[in-house]
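Subject: Structure for your review

Dear colleague,

Please find the structure below, followed by an account of what was found in it. I would be glad if you could read the two side by side.

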Amino acid sequence: DSFCTGVLIAPDLVLTAAHCFREKHHQPALYFSTQIPSVVTAKDPHLIPIKHVLIHPDFNATALDALDQKIANLLELPDPPKAINDLALIFIDMAPPDSYEPVPLASLDTDLQNTKITTAGYGCLSTVCNEPSTRLRKVSMKWVRTISSKNFIVLASGGSKGACAGDSGGPDFLEGRQRLELLSIVGTGPAACEIGLSLDTLIAPYADWIKASSLVIRSQI
């Protein structure tokens with residue numbers, strides 16, 4: 001994707017999807033706001049410099065492409081044959097705006113069937129889309145099933161439009177507690193956003209990788 005969503009998980013660290021960085025000829029930029037203007041200038045205070053981008057070493061782009069083709073026109077999502085590890089860490093060069101604070105990771109033993117899940121992102125508002133939304137959109141999702149062996153979770157929007165192009169890497173939050181917790185990030189799904197199904201990447205299984213990688217990268221930059 002040339003346009004993605006992310007989530008702050010530490011004061012200097014944003015988590016998003018690895019496939020957001022497949023277009024190597026584009027210089028990535030990071031914008032912190034709930035509303036994005038049509039024109040962004042270099043002096044915009046919401047534009048945060050990027051220090052480093054770390055793609056998960058086992059990100060399998062070939063497997064992701066094959067999965068995308070397989071599920072493009074389906075109304076139900078099969079279990080993927082393997083983990084894809086579609087994660088990227090973005091280390092930022094300055095503090096985010098004061099209105100932002102890092103979100104903690106949800107634990108693996110959460111009762112997902114009885115917990116409210118909200119997906120947030122700046123993606124398109126329909127399958128036929130010329131550009132992403134300029135405002136943060138939130139959609140209530142329901143847990144369908146967890147594919148623990150592949151680090152995936154299937155979510156459904158219950159009849160409303162689900163995740164769409166541009167929502168990749170966006171957070172799936174657990175709500176109804178004292179604070180939000182990060183369950184997963186948007187990965188892929190059927191080509192028609194109106195179907196409302198999302199095959200997303202669980203984050204808790206990657207907690208050790210995130211912590212270890214963060215320590216290494218921070219010592220180098």
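The lining of the second largest pocket takes at least two residues from each of α1 (61–71), β11 (181–188) and β12 (197–202), where helices (H or I, at least four residues) and strands (E, at least two) are DSSP runs numbered from the N terminus. Please keep in mind that this is a predicted model, in which local features need pLDDT of at least 70 and side-chain atom pairs count only at pLDDT 80 or more, while totals for chains, interfaces and linings use all residues. Residues are numbered from 1 along each chain as its sequence is written, and side-chain values use heavy atoms, with hydrogens and water left out.

The space in this second largest pocket comes to about 480 Å³, and of the 23 residues that line the pocket, Ala165, Ser168, Gly187, Thr188 and Gly189 are the closest to its centre. On a 1 Å grid over the protein atoms alone, a pocket is an open set of points with protein on both sides within 12 Å along at least five of seven lines, a cavity is a set where a 1.4 Å probe fits but cannot get out, and lining residues have an atom within 4 Å of a point. Grid points are joined across faces, edges and corners, and a volume is the space filled by probe spheres set on the points. Sorted by class, the pocket lining holds eleven nonpolar, eight polar and four charged residues; here Ala, Val, Leu, Ile, Met, Phe, Trp, Tyr, Cys and Pro count as nonpolar, Asp, Glu, Lys and Arg as charged, and the others, Gly among them, as polar.

The count of cavities of 30 Å³ or more is one, and the largest cavity has a volume of about 30 Å³. Its lining is made up of Leu64, Ile84, Asp86, Phe152, Gly187, Thr188, Leu199 and Thr201, with β11 and β12 as the elements that give two or more residues.

The largest nonpolar core has 25 residues, of which Val14, Phe32, Ile84, Ile92 and Leu199 touch the most other members; such a core is a set of buried Ala, Val, Leu, Ile, Met, Phe, Trp, Tyr and Cys residues joined through side-chain atoms within 4.5 Å. Two or more residues of this core come from each of α1, β6 (88–92), β9 (152–156) and β12, and α1 gives the most, with four residues. A second, separate core of 19 residues includes Leu87, Phe91, Ala120 and Ile217.

Two asparagines have a positive phi: Asn85, in the loop between α1 and β6, has a value near 60 degrees, and Asn151, in the loop between β8 (137–147) and β9, has one of about 65 degrees. Asn85 is buried, with a relative accessible area of 12%, and Asn151 is buried at 15%, where buried means under 20% relative accessible area, exposed over 50% and partly exposed in between (1.4 Å probe, protein chains only).

Finally, Gly6, in the segment before β1 (7–10), counts as partly exposed because its relative accessibility is 33%. Leaving out residues up to four places away in sequence, Gly6 touches Val14, Leu15, Thr16, Gly169, Gly170 and Pro171, contact meaning heavy atoms within 4.5 Å.

With best wishes
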